[in-house]
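Please work through the exercises below with the sequence and the coordinates at hand.

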Amino acid sequence: MKKNFYLDLLLFLSGLVCILTGIILDFHLLHYMGAGSGRVFKGIVTSIHTYSGYIMMFGLLFHIVWHWKWVKAVARKQLGK
């Protein structure tokens, strides 16, 4: 139960960071946040966005592996086997 909580927390936080940094990058909000032309800030935000996405991806893979029996049971039920 604890490992699920921590994994879900990791997935939530990394997803939230990825979403927020994606919005900042997509709408060019660094300029409005006082970062000026902000090449350095854009590089930092881009790196945070990229690595939070990697963390989320690996977290999702661990989540699927830990719940593989449940995934198979639901798939069988849905496919009628």
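**Exercise 1. Determine how the axes of helices H1 and H3 are arranged, and describe the residues of their contact by class.**

Solution. In this predicted model, the axis of helix H1, which covers residues 2–26, comes within 8 Å of the axis of H3, and the two cross at roughly 150°. Angles over 145 degrees count as roughly antiparallel, so H1 is roughly antiparallel to H3. The handedness comes next: the crossing in which H1 passes H3 is left-handed. Sorted by class, the contact of H1 with H3 has 14 nonpolar residues, together with 11 polar and three charged ones.

**Exercise 2. Classify the ring pair of Phe5 and Tyr6 and that of Tyr51 and Tyr54, and state which accessibility class Phe5, Tyr51 and Tyr54 belong to.**

Solution. The description of a pair of aromatic rings rests on the distance of the centres and the angle of the planes. The structure holds three aromatic pairs, and one of them is formed by Phe5 and Tyr6, whose ring centres are 5.3 Å apart. The planes of Phe5 and Tyr6 stand at 70°, and because planes over 60 degrees apart count as edge-to-face, that is the class of this pair. Phe5 has a relative accessibility of 52% and therefore counts as exposed.

For Tyr51 and Tyr54, the ring centres are 5.7 Å apart and the planes are at 70°, so this pair is edge-to-face. Both residues belong to helix H3, which spans residues 39–66, and because they are three residues apart there, about one helical turn separates them. The accessibility classes follow from the cut-off of 50% for exposed residues: Tyr51, at 54% relative accessibility, counts as exposed, whereas Tyr54, at 43%, counts as partly exposed.

**Exercise 3. Where does the charged end of Lys3 sit in relation to the ring of Trp66?**

Solution. The charged end of Lys3 is placed over the ring of Trp66, at 4.8 Å from the centre of that ring.

**Exercise 4. Which helix holds Val45, is Val45 buried or exposed, and how far apart are the C-alpha atoms of Val45 and Ile24?**

Solution. Val45 lies in helix H3. Its relative accessibility is 12%, so Val45 counts as buried. The C-alpha atoms of Val45 and Ile24 are separated by 8.2 Å, while the two residues are 21 residues apart along the chain.

Notes: Residues numbered from 1 in each chain as written. Predicted model: local features only at pLDDT ≥ 70, side-chain atom pairs only at ≥ 80, totals over all residues. Heavy atoms only, no water. Phe/Tyr/Trp six-rings, centres within 6.5 Å; stacked < 30°, edge-to-face > 60°. Buried < 20%, exposed > 50% of the residue type's maximum accessible area, 1.4 Å probe, protein only. Helix = DSSP H or I, 4+ residues; strand = E, 2+ residues; numbered from the N terminus. Lys NZ or Arg CZ within 6 Å of the ring centre and 35° of its normal. Axes fitted to C-alpha atoms, helices over the stretch in contact; angles between N-to-C directions. Parallel < 35°, antiparallel > 145°, perpendicular 65-115°, else oblique. Left-handed = near helix turned anticlockwise from the far one by under 90°. Nonpolar A, V, L, I, M, F, W, Y, C, P; charged D, E, K, R; others polar.
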